[in-house]
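Please look over the sequence and the predicted model shown here before reading the report that goes with them.

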Amino acid sequence: MQRNVLETIMGAVVLMAAVVFLYVIYSGSWIKEDTGGYSLVVRFDRGGSVLPGTDVRISGVKVGAVTAQEFDPKMFQAVVTLNIRKDVELPKDSSAIITSDGLLGNYYIKLEPGAEDDLLKDGDQVAYAQGALDLVELINKFVVGGETAPKQE
């Protein structure tokens, strides 16, 4: 009888720990918008693993985060909304590139400022965007030599 009570208590402790663990992970996954920043929209042909919360960096320094990702069924593109710090002013001809920290690193959006005098404002769209590289496609091109069809002699 005493063994059943001990097993029941241990089971309850394990379940409570699991519930607390899931709550912490679930509550930490939501992105809190920085009300002091401004929003930019970027359209990518390949969105990669860019999800809400993904870093936005300039020169390796975090200047914002991804707040939303949607799919445009008419243009067949990933539409990504960024929240950029208010003190970061970007020229209109800036570009956005999805890249990773290394071969197996996390994806982030790299912003490269342009040279125009006009600046992007809240709600503007970044004109130049490059999607994520497909690693499997890149390796295939290297192995096959960049050709998709066999040579004819």
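## Basis and confidence

This is a predicted model, in which local features need a pLDDT of at least 70 and side-chain atom pairs count only at pLDDT 80 or more, while totals for chains, interfaces and linings use all residues. Residues are numbered from 1 along each chain as its sequence is written, and side-chain values use heavy atoms, with hydrogens and water left out.

The pLDDT, which is the predictor's confidence in each residue on a scale from 0 to 100, averages 84 for the protein, and 87% of the residues score at least 70. Where pLDDT is low, the predicted coordinates should not be read in detail.

## The sheet

Strands of a sheet pair through backbone hydrogen bonds, either parallel or antiparallel; two strands are taken as paired if DSSP finds at least two bridges between them. Here 7 strands form an open sheet with mixed pairing, in the order E1-E4-E3-E2-E6-E5-E7. Its edge strands, each pairing on one side only, are E1 and strand E7 (128–130). From one strand to the next the twist averages 30 degrees, where axes are lines fitted to C-alpha atoms, for helices over the stretch in contact, and angles run from 0 to 180 degrees between N-to-C directions.

Strand E2 (residues 55–58) runs antiparallel to E3 and is joined to it by 4 bridges; Ile58 stands opposite Val61 in E3, and Arg57 has Lys62 as its bridge partner there. These two strands, E2 and E3, form a hairpin with 2 residues between them, and Ser59 in the turn has a positive phi of about 55 degrees. On E3 and strand E4 (residues 77–84), the pairing is antiparallel over 8 bridges, with Leu82 in E4 as the bridge partner of Val66. Their hairpin has 4 residues between the strands, and Phe76 takes a positive phi near 55 degrees in it. By contrast, E2 and E6 pair in the parallel sense over 2 bridges, and Val56 has Ile109 in E6 as its bridge partner.

## Salt bridges

A salt bridge is counted where a side-chain nitrogen of Lys or Arg lies within 4 Å of a carboxyl oxygen of Asp or Glu, and by this rule there are 7. One of them joins Arg43 to Asp72, with the closest N and O atoms 2.8 Å apart. This pair links distant parts of the chain, since Arg43 is in strand E1 and Asp72 in strand E3 (residues 61–72), 29 residues apart.

## The largest pocket

A pocket is an open set of points on a 1 Å grid over the protein atoms alone, where a 1.4 Å probe fits and protein lies on both sides within 12 Å along at least five of seven lines; lining residues have an atom within 4 Å of a point. The largest pocket holds about 250 Å³ of space, a volume being the space filled by probe spheres set on the points, which are joined across faces, edges and corners.

Its lining has 13 residues, of which Thr99, Ser100, Gly102, Tyr107 and Leu133 lie nearest the centre. Strand E5 (residues 95–100) gives the largest share of this lining, 4 residues.
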